[in-house]
Amino acid sequence: MVDIFSRASYRDFIIASFDFCRKNKGLELYAYVIMSNHIHLIARAKECYILSDIIRDFKKFIAKEILNEIQIGI
């Protein structure tokens, strides 16, 4: 496994993305922990939202952004 979240800039980006999902996508986030290579969270979707859709969009966005950062850094 790769310790992708050991960089502070990536962790900050994850936190900002959680905030965006809370404000704009119906995510209710109760707790989270960012480990060096994965994330745990306790969350649910607000009424009229689907949690799996929110998580899918979150993961897709994060993956694209981190890959862009890695490519720029190369």
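**Cysteines and disulfides**

How many disulfides does the count come to? Counting a disulfide as a pair of cysteine sulfur atoms within 2.5 Å, the count comes to 0. The sulfur of Cys-21 is too far for a bond, because the closest cysteine sulfur, in Cys-48, is 17 Å away. Cys-48 is likewise in no disulfide. Cys-21 is buried, at a relative accessible area of 5%, whereas Cys-48 counts as exposed at 77%; here buried means under 20%, exposed over 50% and partly exposed in between, with a 1.4 Å probe and protein chains only.

**How the model is read**

This is a predicted model, in which local features need pLDDT of at least 70 and side-chain atom pairs count only at pLDDT 80 or more, while totals for chains, interfaces and linings use all residues. Residues are numbered from 1 along each chain as its sequence is written, and side-chain values use heavy atoms, with hydrogens and water left out.

Ser-17 belongs to helix α1, residues 8–24 (helices are DSSP runs of H or I with at least four residues, strands are runs of E with at least two, and both are numbered from the N terminus). Ser-17 is buried, with a relative accessible area of 6%. Leaving aside neighbours within four places in sequence, Ser-17 is in contact (heavy atoms within 4.5 Å) with Phe-58, Phe-61 and Ile-62.

**Leu-41 in strand β2**

Leu-41 is found in strand β2, which covers residues 39–45, and Leu-41 is partly exposed, with a relative accessible area of 32%.
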